[in-house]
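Subject: Structure handover

Hello,

Here is the structure I promised to pass on. Please open it alongside this note.

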Amino acid sequence: MRKKWRLSADDIELTLLALPTTVWYLLFAYLPMFGVIIAFKKFKPLPGKGFLESLLKSKWVGIDNFKYLFATPDAAIMFRNTIAYNAVFIVVGMLITVTLALMISQLHSKRLAKVVQTMMFLPYFLSMVVVSYFVFSFLSADKGVLNVLLKQLGMEPVQWYMTPKYWPGFLLFINVWKGMGYGMVLYLASITGIDASLYEAAIIDGASKWQQVKFITLPMLQPIILILFIMSIGRIFSSDFGLFYQVPRNSGPLVDVTQTIDVYVYKALMGMNNIGFSSAAALLQSVLGLITISLANLIVTKVDKDSALF
Amino acid sequence: MRKQKMDLDAVARFNRIAAPTNFFFSLFFILLALVCVVPLVFVAIISFSSNASIQKIGYSFMPLEWSLDAYKYIWRERSSVGTAFLVSIGITVIGTITGLFLTSTMGYVLSRPTFKLRRFFTMLIFIPMLFGGGLVAAYLINTRMLGLQNSYLALLLPVAVSSFNCIILRTYFQTTVPDSIIESAKIDGARQLLIFFQMILPISLPALATVGLMLSIGYWNDWFSTMLYIGSDHQDMYPLQYVLISIERNMDFLTKNAQFMSPDSSRLKLPAESTRMAIVMVVVLPIAMSYPYFQKYFISGLTIGSVKG
């Protein structure tokens with residue numbers, strides 16, 4: 001028994017090789033995990049003491065931070081927004097990208113398909129700050145294209161950055177716009193990997209195009225769809241901070257439709273300097289994310305064992 | 001063999017969608033592709049529009065007057081924009097190298113089937129994929145404990161490693177590098193460090209390119225770290241992405257050197273609108289010019305990464 005656990009020279013060298021990354025994980029992944037206890041404390045930096053010591057010596061307040069957080073109207077709004085946007089993003093995004101992949105795989109001209117793919121991939125490589133400038137060039141109240149167009153049509157210009165009702169649509173559009181090239185390419189890679197003999201057999205049996213999609217392509221795509229689905233469900237409590245903060249330019253009147261958990265955590269931490277609320281919201285986000293990804297994985301394991309993530 | 005190939009073509013031809021359907025699909029995809037690139041073209045047009053035109057008819061695909069003022073202005077202010085550009089490049093290069101080193105060593109270690117601590121290290125990178133400490137804890141630890149506030153390290157280190165990238169490289173080493181060459185190197189007396197740096201890394205360039213490119217794009221596009229860790233009293237440390245944020249509402253970042261300008265140059269009125277868009281172009285162009293060539297590495301990375309293990 002003891003002999004089995006003796007590390008060979010090989011093992012020691014491999015451990016050495018893994019050491020720098022291990023230190024990285026301890027500092028940037030595991031220390032913050034330990035730091036979540038801050039959500040149950042009334043954190044005050046003690047003068048002349050290190051952060052950890054201040055943290056450990058701060059007063060325990062139990063779940064007070066969570067209680068007060070949920071007494072504010074912000075809590076309900078940010079949870080509603082985060083979950084609702086993600087649910088729509090996941091479903092719509094998946095439907096659109098799978099459909100696009102199926103369609104582009106059928107184009108006669110492979111060259112056209114290649115060019116289109118490349119062009120559609122562009123938004124994926126841009127930062128949300130750049131995207132926010134794109135959006136501004138269309139939505140700016142006095143100079144944006146949309147308002148110039150409205151004026152030419154004799155209609156009243158709209159203060160886009162002050163009118164919440166348009167933004168759920170805008171945000172969905174931007175999210176789909178930015179991610180569809182990536183998603184399409186990902187599914188397309190799986191589609192082109194499907195064994196051609198399956199289709200040949202189907203054609204001999206007289207299967208129509210639609211039947212081929214339904215009985216061959218989609219079932220073959222199922223594992224990758226499921227894996228991507230679990231991964232996005234696991235992130236249902238996280239949101240793209242850039243999309244919800246930078247793109248709407250942190251506009252006050254839009255808070256009701258743009259405040260997600262990430263936006264709130266950032267604003268509570270940096271703006272209001274409210275570490276209690278901020279850390280409570282952040283911890284809740286992490287814990288709920290852990291629960292949802294485990295649940296989603298459990299369900300997928302029941303449906304199709306091989307597609308499970310872990 | 002040749003006959004078989006011809007049969008396959010015939011089948012493929014027979015199974016194609018009808019010509020009218022193909023026409024509509026093609027048209028649809030051309031439109032969709034345009035939707036994806038038009039905003040960038042539009043921003044480019046605005047950056048070449050004259051200030052007078054923008055004031056008069058707003059942002060337009062057909063400005064009344066073209067002008068290079070924005071780019072001339074940026075060139076004049078190269079001490080600030082140029083510095084930000086260099087900061088962006090420096091962060092991207094150093095960050096990518098650091099990230100690649102940390103990711104590939106861990107990926108290699110995880111790929112060794114006989115390694116006794118393999119399960120331990122697998123758990124080490126797997127747990128953070130499921131649970132994280134969140135922004136607040138990370139921010140407080142990075143600033144108050146590790147002293148990363150207003151330091152380039154804050155832009156480099158926290159985003160250098162991701163478990164996802166480690167898994168991509170692990171999968172690559174596992175599936176592509178034959179065990180036998182490592183075993184034979186060991187019999188020849190080579191140490192693991194030597195094997196890794198002199199044998200494994202050189203034959204793994206495609207996978208390293210994939211992860212390296214993902215890292216580079218991540219660093220080049222990162223503005224959130226600057227927003228968190230670099231204070232407004234350290235503007236000279238801003239990378240380009242953050243310059244874009246800081247000039248969103250006012251052009252202070254660019255005009256702060258105004259007092260040192262010669263009387264001659266101060267007469268050149270700041271074309272604020274087009275200058276903003278010109279800086280967007282400076283940020284985007286390096287990516288827009290190069291991504292058509294490297295996208296294939298991305299695609300292979302995406303597909304390796306989605307293989308679980």
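Below is what was found, starting with how to read the model.

This is a predicted model, in which local features need pLDDT of at least 70, side-chain atom pairs count only at pLDDT 80 or more, and totals for chains, interfaces and linings use all residues. Residues are numbered from 1 along each chain as its sequence is written, chains are lettered from A and ligands numbered from 1 in the order in which they are written, and side-chain values use heavy atoms, with hydrogens and water left out.

**Chain A**

Chain A holds 14 helices and 2 strands. Helices (H or I, at least four residues) and strands (E, at least two) are DSSP runs, numbered from the N terminus. The C-alpha atoms of chain A fill a box of roughly 80 × 75 × 35 Å along the principal axes. Its radius of gyration is 25 Å, while a compact globule of 310 residues would have one near 19 Å. That radius is taken over C-alpha atoms, and the globule rule is 2.2 Å times the number of residues to the power 0.38. Of the 310 residues of chain A, 53% count as buried. Buried means under 20% relative accessible area, exposed over 50%, and partly exposed in between (1.4 Å probe, protein chains only).

**The interface**

On chain A, 99 residues are in contact with 108 residues of chain B. Contact means heavy atoms within 4.5 Å. The two chains, A and B, bury about 9400 Å² between them, 76% of it on carbon and sulfur atoms. Buried area is the accessible area (1.4 Å probe) that two parts lose on being put together, summed over both.

Between chain A and chain B there are 4 salt bridges. Each needs a side-chain nitrogen of Lys or Arg within 4 Å of a carboxyl oxygen of Asp or Glu. One salt bridge joins Lys143(A) to Glu273(B), with the closest N and O atoms 3.5 Å apart. Helix α1 (residues 9-35) of chain A gives the most to the side of chain A that touches chain B, with 20 residues.

**Two backbone angles**

Most residues other than glycine have a negative phi. Arg249(A) has a positive phi, near 55 degrees. Arg249(A) sits in the loop between α11 (241-246) and α12 (255-258) of chain A. Arg249(A) is buried, at 10% relative accessible area.

Asn150(B) also has a positive phi, about 55 degrees. Asn150(B) lies in the loop between α7 (134-145) and α8 (152-156) of chain B. Asn150(B) is partly exposed, at 24% relative accessibility.

Best wishes
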